[in-house]
Amino acid sequence: MVIGRHKAIVFAGVALLLGLNYWIAVVRPRNAACAPGEMCHVDSPAMRFNRRLFWLSVVIYVVAVTVTYSAQWWLRTQS
């Protein structure tokens, strides 16, 4: 209930964290001066996993926002 009352703030906070994660998982590795085979290289298995996990998080976030606000809209139109 408490989170439901503050969902706009929660969704905004999560969006900010996803933006930070985008920089950490996508932008920063491209600018890193790592040789191929090093853990920090953009094509290392760990970095590929981080990028996949980031995009999965974005999909989950978009679904959560869509379902939440669509449900609110639907409930308003039904009453």
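1. Rings of Phe, Tyr and Trp (for Trp, its six-membered ring) pair if their centres lie within 6.5 Å; planes under 30 degrees apart count as stacked, over 60 as edge-to-face and the rest as tilted. A word on the source: this is a predicted model, in which local features need pLDDT of at least 70 and side-chain atom pairs count only at pLDDT 80 or more, while totals for chains, interfaces and linings use all residues. Residues are numbered from 1 along each chain as its sequence is written, and side-chain values use heavy atoms, with hydrogens and water left out.

2. How many aromatic pairs does the structure hold? There are five aromatic pairs. One of them joins phenylalanine 11 and tyrosine 61 edge-to-face, at 6.0 Å centre to centre and 75° between the planes. Phenylalanine 11 lies in helix α2 and tyrosine 61 in helix α3, so this pair ties together parts that are 50 residues apart in sequence. Helices here are DSSP runs (H or I, at least four residues), numbered from the N terminus. Phenylalanine 11 is buried, at 16% relative accessible area; buried means under 20%, exposed over 50% and partly exposed in between, with a 1.4 Å probe and protein chains only.

3. Tyrosine 22 and phenylalanine 54 make a tilted pair, because their ring centres are 5.7 Å apart and their planes stand at 50°. Tyrosine 22 sits in helix α2 and phenylalanine 54 in helix α3, so parts 32 residues apart in sequence are tied together. Tyrosine 22 is partly exposed at 34% relative accessible area, whereas phenylalanine 54 is buried at 4%.

4. Phenylalanine 54 turns up again in the largest nonpolar core, whose five residues are Leu18, Ala25, Val26, Phe54 and Val58. Such a core is a set of buried Ala, Val, Leu, Ile, Met, Phe, Trp, Tyr and Cys residues joined through side-chain atoms within 4.5 Å. Helices α2 and α3 each supply at least two residues of this core, and the largest share, three residues, comes from α2.

5. Now for the loop between α2 (7-31) and α3 (45-78), where serine 44 is placed. Is serine 44 buried or exposed? Serine 44 is buried, with a relative accessible area of 6%. Not counting residues up to four places away in sequence, serine 44 touches Glu38 and Met39 (contact means heavy atoms within 4.5 Å).

6. Methionine 39 also belongs to the loop between α2 and α3, but methionine 39 is exposed, at 62% relative accessibility. Leaving aside neighbours within four places in sequence, methionine 39 is in contact with Ser44, Ala46 and Met47.
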